[in-house]
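Subject: Structure for you to look at

Dear colleague,

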Number of protein chains: 6
Amino acid sequence: MRDSPIVASVDFDADGAQHGFLRLPYSRDDSAWGSVMIPVTVIKNGEGPTALLTGGNHGDEYEGPVALFDLAATLKPESVAGRVIIVPAMNYPAFLAGTRTSPIDRGNLNRSFPGRPDGTVTEKIADYFQRVLLPLADNVLDFHSGGRTLDFLPFAAAHVLPDKMHEDRCFAAVKAFGAPYAVKMLEIDAVGMYDSAAEAMGRVFVTTELGGGGSSCARTVGIARRGVRNFLAHCGNLDADIEASPSVWLDMPSDDCFAFSEHDGLIECLVDLGGTVVADQPVARVYPTARTGVAPIDYCANMDGILVARHFPGLVKTGDCVAVVGVTIEDA
Amino acid sequence: MRDSPIVASVDFDADGAQHGFLRLPYSRDDSAWGSVMIPVTVIKNGEGPTALLTGGNHGDEYEGPVALFDLAATLKPESVAGRVIIVPAMNYPAFLAGTRTSPIDRGNLNRSFPGRPDGTVTEKIADYFQRVLLPLADNVLDFHSGGRTLDFLPFAAAHVLPDKMHEDRCFAAVKAFGAPYAVKMLEIDAVGMYDSAAEAMGRVFVTTELGGGGSSCARTVGIARRGVRNFLAHCGNLDADIEASPSVWLDMPSDDCFAFSEHDGLIECLVDLGGTVVADQPVARVYPTARTGVAPIDYCANMDGILVARHFPGLVKTGDCVAVVGVTIEDA
Amino acid sequence: MRDSPIVASVDFDADGAQHGFLRLPYSRDDSAWGSVMIPVTVIKNGEGPTALLTGGNHGDEYEGPVALFDLAATLKPESVAGRVIIVPAMNYPAFLAGTRTSPIDRGNLNRSFPGRPDGTVTEKIADYFQRVLLPLADNVLDFHSGGRTLDFLPFAAAHVLPDKMHEDRCFAAVKAFGAPYAVKMLEIDAVGMYDSAAEAMGRVFVTTELGGGGSSCARTVGIARRGVRNFLAHCGNLDADIEASPSVWLDMPSDDCFAFSEHDGLIECLVDLGGTVVADQPVARVYPTARTGVAPIDYCANMDGILVARHFPGLVKTGDCVAVVGVTIEDA
Amino acid sequence: MRDSPIVASVDFDADGAQHGFLRLPYSRDDSAWGSVMIPVTVIKNGEGPTALLTGGNHGDEYEGPVALFDLAATLKPESVAGRVIIVPAMNYPAFLAGTRTSPIDRGNLNRSFPGRPDGTVTEKIADYFQRVLLPLADNVLDFHSGGRTLDFLPFAAAHVLPDKMHEDRCFAAVKAFGAPYAVKMLEIDAVGMYDSAAEAMGRVFVTTELGGGGSSCARTVGIARRGVRNFLAHCGNLDADIEASPSVWLDMPSDDCFAFSEHDGLIECLVDLGGTVVADQPVARVYPTARTGVAPIDYCANMDGILVARHFPGLVKTGDCVAVVGVTIEDA
Amino acid sequence: MRDSPIVASVDFDADGAQHGFLRLPYSRDDSAWGSVMIPVTVIKNGEGPTALLTGGNHGDEYEGPVALFDLAATLKPESVAGRVIIVPAMNYPAFLAGTRTSPIDRGNLNRSFPGRPDGTVTEKIADYFQRVLLPLADNVLDFHSGGRTLDFLPFAAAHVLPDKMHEDRCFAAVKAFGAPYAVKMLEIDAVGMYDSAAEAMGRVFVTTELGGGGSSCARTVGIARRGVRNFLAHCGNLDADIEASPSVWLDMPSDDCFAFSEHDGLIECLVDLGGTVVADQPVARVYPTARTGVAPIDYCANMDGILVARHFPGLVKTGDCVAVVGVTIEDA
Amino acid sequence: MRDSPIVASVDFDADGAQHGFLRLPYSRDDSAWGSVMIPVTVIKNGEGPTALLTGGNHGDEYEGPVALFDLAATLKPESVAGRVIIVPAMNYPAFLAGTRTSPIDRGNLNRSFPGRPDGTVTEKIADYFQRVLLPLADNVLDFHSGGRTLDFLPFAAAHVLPDKMHEDRCFAAVKAFGAPYAVKMLEIDAVGMYDSAAEAMGRVFVTTELGGGGSSCARTVGIARRGVRNFLAHCGNLDADIEASPSVWLDMPSDDCFAFSEHDGLIECLVDLGGTVVADQPVARVYPTARTGVAPIDYCANMDGILVARHFPGLVKTGDCVAVVGVTIEDA
């Protein structure tokens, strides 16, 4: 297979703090010899494990990028043991556009793994993480939030994995992160995900959902900022105490967690995030917008639990997920 | 002046509940003899005052439309005294597109009054309200929220007016509405606003800001739904008790309330809505996105107060308002 | 008022056949010193009346342009008396784009009269016809068809006018044109029309609707080609016999002629053009497209008559005119 | 190979009439957890053959969708024997957009077979028909028309097939359909077609072309509606007499049937659909639109026959097919 | 008339160097409370004349912006007498987009004077220069180049004016500027120009054309940089010697200077800028691109002279100016 | 593998001059049975070698198309020996759009080899050259220039090849071409290039860069026109003397030739094309455009040499190549 066309301007083996770029040549109508320049920071201090910290896997999710641009600017090599690699905006074209997918090729980076060195821009980014960055890492933290069209309760999560020792190490890191909620995920269709790529290499992998709506707030950024430091301390990269913060553990046991709209219209959320619901309780209502005086349609929860996620925009389309219910469980 | 080209399919003088359209002929490439069909409901029961209830003046603000589509479908003529006219989505093309302004002509309806019968689609809508609907009304309630790019504390508001008796009637209606916050507004530049058009005719006029981000939630929709019923009870259209709910009163005394970004970047809100701030306290931080390792820029409050509004999207552009501070006052 | 910025490359006073341009300077991003070049032909042979023949007033109507590009290429000065001015594509940018309105400014030329010399491109074209070409003309024939979104029975038409001698001259020309149908039009809202501009100057004015759908066929082009030669013979510009062809005369007496859709969906025409209908007979059916198994909505004729026009595309939007019924009358 | 990501909300094995959706998860910028919801109806009554009826393979062809939305809403299980599966709009995103290809990925569904479960949205639809629906079917009827850019004589058709008994069964179904014309097609390049996919599985497959221009009319919808009932009766799903209606049989023997434009311009059709032509007779004329006074270019038939299809829009581009000639043959 | 909505963050009356913004509120779908922030520099040192230096009047012309961003960053108050106001990118939205006109409203700033305080964004900018900045200025230098679609010989220019003393002062400043060429312009249609607005107030006004193609080079930037310093020295703002550099003086006496294409195609320039031409000499050739083997069309000079300007892009459209010829004259 | 879907209207084996098309069927929303028609000329006179001459591989490079449309229209069969195949605009959709890549699929033809017969339009073109035209050719000349975003010193070039006799034949042809500069290229990443495809078949292959900016001028077109005739004479297709014109030979030895911007902004070229530079000398300067008064960033040459290429547009983006330095060498 061809080498990645991406060239890093930082030396991953050098001690100290380096701020540079992953330069991806991208020839196009408005720049024949142009490039995508993905910001990257490497902070290294002697031997030790490598943490790979990423945000902007989807371009419209902000708690991770805020925490990581901040961390990259403030973390001192002398306070680190081993190596911390920070890419605050993985799908950088999507991040600049403020969109889930890349404006260049509409690529959803988190469904593009393992990528291709001669593929689209998004596939080239996936390939670089697959073949260059993940192999350098021991522990991986990838920040997500709901983006412009979903809103989530703030949680960290890991996947149920075939190797239970591997799974345990992941959940230990989720616990250390210390978000208000923690989720045990059974991914039905993990094909193409960054998560799966990292897990298949045996890496400790933690993901999050910390809010949504294409925005962030002081509260959720605080969760991200504290979580990443806890994660680094847990991984041995940072000599600091973990700010203990017990999480409520949740499970999403089946497809019954999800409710989908079968109508276009104006949506009214009948329960707010974190609210308790019982099976058959209406959780969202859709008003047809073509005329007044007609009855709205109610969508109900399929199980008891709490509202974990919801459709965000004020209008909804047929086929959109309107609500997700999770079930409280014992600590994983 | 020419008559409005808009034709209503409802009879504003007939008793009972009617659901129909304001039909605005709109010839265009994809429909030579097409029309914009704005939903309207009239509910009338004998003599009495007329309330004009509107949402969707800006197309991406949702508490008003949810409350009004609901009210239009559920309000019974027999429970009404006088007349209630409901237009849940004034700038209907903008509402369908989920955008602040009209996708047809980019018109901001709330800066298009008094409108023109031979102008753009947005100007024709303004003209119809100016010359047909406002003259029918005694009391006017126009719902706003922050839209996709701003987020607000939930409040109802009225303007400082030259005629103090007129002003008093407006603030009495604000009080009746019963939102968590109530604002006394001194509009610097009221040219072209629906508010000003209604006030110039001597109408009682109440406006709101009930949330934002291009979404709504159960809590803010609840405020809107309770507020409109309180308003109708206050105006004598509904024989019901007002659900008493005292508001915190706020003032926005000068341009110093507003902070604007002078940088493009990734924004971090340092204070959440409703939080207390003191002068010179940083309220928002902007991270340049071109590279890691550079210091962010802080924007500070210019006065003591509470955070009333904020920029919503995760990215910010030079010139965007990042934060608004208000001052707590005695009941207006 | 400023002079028109349009400069003709032909000399309207010279004998012979000239093919040139109306050059309209149009500075834009992709040509700082560019122009719109509207093709024009002048064929003159000594003294006599002037006929002004136009097509492409709307850019997606084709019988007129075909007949007039053909006529411009084949009409010999020696067979003409007086002057024939041919502009086969008045709103030339719209014609090149195949759209009703101008892609430059979305201007509907037939609602832009009298135009402005310092307005949009479309307004500059209107102004040139208003102040330069119409004053040169005695008789005006303007070809229309239904365009991409409407389909018509083929007819020529003139307006009911306050000056009955003027009206008689117009209807005599309609009769000479010899389309299968002839229509007596009472324009409710004639503001901005080319028709009105010409009639206000006392010109004989004939308009047509000869088909539609954004296409033409051999049959309808034949009607146009024969009609324009009949018109020129009638006006004294061509020494030829009029090919007699009696028309069926129709009236559209009121707004009841029109039926509008109040639903989006898939449309089924229940009657084809020229078919006889009676009041309350369903003429079009709209199927909601969001799901199967729901009943369609029928739209009915409001009066007895024949189907004169219909919505053309397979999908229909709320507010679109779905059908037009006309009433057969005696020869005007 | 992965399972199809599409989930049907109907049970193909249950008796009765069910109206539901084929839900295809489609994550995108404006809906992270959105779906394409393709309407589907299953009507089943005991044992018997399965008919699969489809429209909207190309999104701008309307006789099929009208007949099938109608049939889905009106066909009673008790009048059916066996099973009828109806998908009125196969390429549903294209159908909603009124375009030949999908607005999501520009996919031409009828060139996307066998599809891919991890491909584009259009490829996922093809894969679902390939691996789920076609295997359920015995007889397949797929409605086509000319779409926005072509117009056809109304015909049903089947392909010349290597297995003559298979071919005979197909032509028997074409005959039963009873369109005004019937065509024996020799597909030069059948790669990627739904037709070929069905035929390769040994299914009886009938296709149609029933009009075009992106519209339909009462006459052509009548052909579709009668044809589908005849087809179901012929297949044993409906206990009804076939409305006998003999077809004129046509052949398109070679590439000489087709004439292509080598010029951009305004097109004049010199012969209408169904008209008789002889070799070297001009069938279409193209006028250059840049100027008046230049000679048009004529395009001629390459063989004797009748005009079976034509370019529809009023403008034509270099490379467009302008006319298709077919040859009358004996009943297949 | 309303005040300008633009607020300057600099104090035009304060001594020293200030770098700030002209903030123009601009509410839009992606920023309800957004602004256009036009960079401005004021450098003042005591009493003395005011020079107003501008670039980016058209957004794709670069010599001026380069020279002025450079000057703004390097000019010291202590080396200045009086006041220098620098706006390197007047039509700032156009400048950021790299287009002649504003991407917001397609406004050509240099045809928008005197502007309107309640008009489009471009009209608001014009109004601010008209009513705020021009009244502050004594001498005005406005940089232009050919932009993306034209290329020019480098020249400075002033207009023939009714007041010959005024004209003399302008030409003296042109001479001081010291470009390789100097042009005496007789503007046919000066309506809406910044030039005319400044001249009507009696200001000394110098304009330039320094290259084009939407680029700049070391040579042309050198002309701009030296020219602006010479201009400031000439106006008394800078105590420096004028770098003497005699210009070749040119006149453009009539419309015969210009040649326009009447064909779309691929353009070949037959003479390069500055080359000598004689009347009827071909200066440009247009190849039709639809096919090979056809003869190109030649466009000829209408007079003797030198080639002053040319169409820049490789393709040309009907109506584009292909070449401009100027005539060498004695020093103005 | 499937045959190419492209059909040539010319007979490559017939003597004489033929002008025709490569017809590539392209079904799309605006033409269901449309085609891309790529102009081609074949000029043949008896036996002899075949020269394949191409331009428009990138659609915004003009010296080649001008020279080749001209040659196709003027070269007489009787002056030719063997065969000359001319395709002036290989990526014809890109050429018509004036863009580097195809507007249909954004394909960069010169990175699409060997192409696919069932791929995108651009891949189909590549496949046709790969499997049909290149096998017919002995010698290949492919014209390039810098396009809209780069500008080059005018040169012809060939690649360092593993077979030195093959390389020698290529450099002999470069020498014959006679451009002002000649370049010896060591392609790092030649995957997908037309060059590599031709070289892998053992063809003599010459490429050029003759200017740029999306324009051409009399001087550079003169180089192309003389070069192609020299090339044909050298190859034995034209019985003419080679117009001797010694080139300056250049090498681009390593990645150090290239300088990339790490900032967005307004670019100033500090050295013009052909200018001498020394290592560490600033060659380009980038001004931030967000505000005045900040220092620009300088980009320096990494080696001694002359400026061979530069970024063209006035604005530059992070990741764009700003300058290329070459080293003068002895004749290859």
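This is a predicted model: local features need pLDDT of at least 70, side-chain atom pairs count only at pLDDT 80 or more; totals for chains, interfaces and linings use all residues.

Residues are numbered from 1 along each chain as its sequence is written, and chains are lettered from A, and ligands numbered from 1, in the order in which they are written.

Between chains A and B, 40 residues of chain A are in contact with 40 residues of chain B (contact meaning C-beta atoms, placed from the backbone, within 7 Å). On the side of chain A that touches chain B, the largest share, 5 residues, comes from H1(A) (helices, H or I, have at least four residues and strands, E, at least two, as DSSP runs numbered from the N terminus).

Within chain B, strand S9 (residues 181–185) runs parallel to strand S11 (residues 248–251), joined by 4 bridges (strands pair if DSSP finds at least two bridges between them), and Lys184(B) stands opposite Asp251(B) in S11(B). On the other pairing, S11(B) runs antiparallel to strand S19 (residues 321–329) of chain B, with 3 bridges, and Trp249(B) stands opposite Ile329(B) in S19(B).

In chain F, residues of H1(F), including Val66(F) and Leu71(F), meet residues of H6(F), among them Ala224(F) and Val228(F).

Best wishes

Notes: Two residues are in contact if their C-beta atoms, placed from the backbone, lie within 7 Å.
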